Amino acid sequence: MHRLYSVWVKDKTLCVKAQNATVRQYTDIFNTYNLSFLRPKKDLCDKCEEFKLDSEEEKLKLQPSHDEHLTNKNIARYNKTVDKERAANDPELCVAVFDLEKVLTTPQGEASNFYYKRKFAVYNFTVYDIVNKVGYCYMWDECESKRGSNEIGTCMLKLMKEKGFKEFCFYSDNCGGQNRNRYIYAMWEYAAFTFKIKISHTFLERGHTQNEGDSMHSCIERSKKGKSIYVPAQWITLVRCAKVTGKPYIVFEMDNTEFLDFKPLVEENGFNFKTTCDGDLIRWNNIKEIKVSFETPFELNIKYDFNSPDFIKINFIKQKQRGGISKA
């Protein structure tokens, strides 16, 4: 910046006694302002970056799909804002975002030998109540269980049971193995029927899943700097003490006996997980939003498009007989 300043000042008419500022003078003056350089985000959207690098001809072809991509991003974020405002005036509504933090490895520290040690994985599933500003952490290690849909579903089921709200609005990313699959949808249906609640689950647009829950991950990452972790139990203590101001994170230590298996709800009860009430095949990986309610048991309402005014209904009890005749 000082080199650019030196080039700029040559074109200026200065007094005879005036001199260009040296590097030290320029630095001292610049540091008096509350300014900083923008650091590019690490998790940039792949689709947006690919569109930027395309040629002009390719951009013309991809412009409609890119516009739809940005529109979905804005709609998802707008819906989250509306739910937040609604929850601020409704004590029976909980609006939360959930995500699985990147694997916490053990041992962790500055010692050079740690780099060559075999890492032991510790998982931290975070849920952030946006309105009440409370963070929940469900932690376990690889000896207790994996990090699939059963583990995520068990943690969410435990959260809804303990929170006691009558309506939940959840937002998450699009990870198919954890959040966007039939087992999680079956769990929503089971929770709504068991706890007599209403549940909605919205998937943020791919590449633009930044949300309030990311602050939990950032806080934990900052807290671990300069610290040495030798055993998995130290991660739990670190997470509990990570937040200095405000309400500390509520940490639950999960045991392998607590995790439930939701796959029998889908595979062993003869429920319909293939077609909608209109007879169309269900595109599970394309769902943008789902809603379930205890008032309509065994019924799932889905959307493939945020702009669609109506939901598509799925009846889990509806089964196909031979000859194409269906019964309920």
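**Note on the predicted model: patch, pocket, salt bridges and backbone**

1. Tyr-33 is exposed, its relative accessible area being 53%. The model is a predicted one. Tyr-33 sits in the loop between α2 (23-30) and α3. Together with Ile-29 and Leu-35, Tyr-33 makes a nonpolar surface patch of about 350 Å². Tyr-33 is called exposed because its 53% is over the 50% cut-off.

2. The largest pocket has a volume of about 600 Å³. Its lining is made up of 22 residues, and those that lie nearest the pocket centre are Asp-43, Asp-99, Thr-209, Asp-214 and His-217. Two or more lining residues come from each of α3 (46-53), β1 (93-100) and α7 (214-223). Helix α7 gives the largest share, four residues.

3. What is the division of the pocket lining into nonpolar, polar and charged residues? There are 10 charged residues, eight polar and four nonpolar in the lining of the largest pocket.

4. The whole structure holds 13 salt bridges. One of them joins the side chains of Glu-212 and Lys-80, with an N to O distance of 3.1 Å. Glu-212 is in the loop between β6 (198-203) and α7, while Lys-80 is in helix α4 (residues 56-88), so this pair links distant parts of the chain, 132 residues apart. Lys-80 is buried, at 8% relative accessibility. Lys-80 and Glu-212 also belong to a network of salt bridges that includes Lys-84.

5. A salt bridge is also found between the side chains of Lys-102 and Glu-221, at 3.9 Å, N to O. Lys-102 lies in the loop between β1 and β2 (104-106) and Glu-221 lies in helix α7, so the pair ties together parts that are 119 residues apart in sequence. Lys-102 is exposed at 53% relative accessibility, whereas Glu-221, with a relative accessible area of 21%, is partly exposed. The 3.9 Å distance counts as a salt bridge because the criterion is within 4 Å.

6. Are Lys-163 and Asp-129 buried or exposed? Both are buried. They form a salt bridge in which the closest N and O atoms are 3.0 Å apart. Lys-163 belongs to helix α5 (residues 149-163) and Asp-129 to strand β3 (residues 120-129); the pair links distant parts of the chain, 34 residues apart.

7. The peptide bond between Thr-106 and Pro-107 is cis, with omega of about 0 degrees. Pro-107 is in the loop between β2 and β3. As background, most peptide bonds are trans.

8. Where does Lys-196, with its positive phi near 55 degrees, lie? Lys-196 is in the loop between α6 (182-195) and β6. This residue is partly exposed, at 46% relative accessibility. Phi is negative in most residues other than glycine.

9. Phe-298 is not a glycine, yet has a positive phi of about 60 degrees. Its place is the loop between β8 (289-293) and β9 (299-303). With a relative accessible area of 32%, Phe-298 is partly exposed.

Terms used:
Residues numbered from 1 in each chain as written. Predicted model: local features only at pLDDT ≥ 70, side-chain atom pairs only at ≥ 80, totals over all residues. Heavy atoms only, no water. 1 Å grid on protein atoms, 1.4 Å probe; cavity = no way out; pocket = protein on both sides within 12 Å on 5 of 7 lines; lining within 4 Å. Points joined across faces, edges and corners; volume = space filled by probe spheres on them. Nonpolar A, V, L, I, M, F, W, Y, C, P; charged D, E, K, R; others polar. Patch = residues over 30% accessible without salt bridge, like charges linked within 9 Å, V, L, I, M, F, W, Y side chains within 5 Å. Areas by Shrake-Rupley, 256 points an atom, 1.4 Å probe, with all protein chains shown as cover. Buried < 20%, exposed > 50% of the residue type's maximum accessible area, 1.4 Å probe, protein only.
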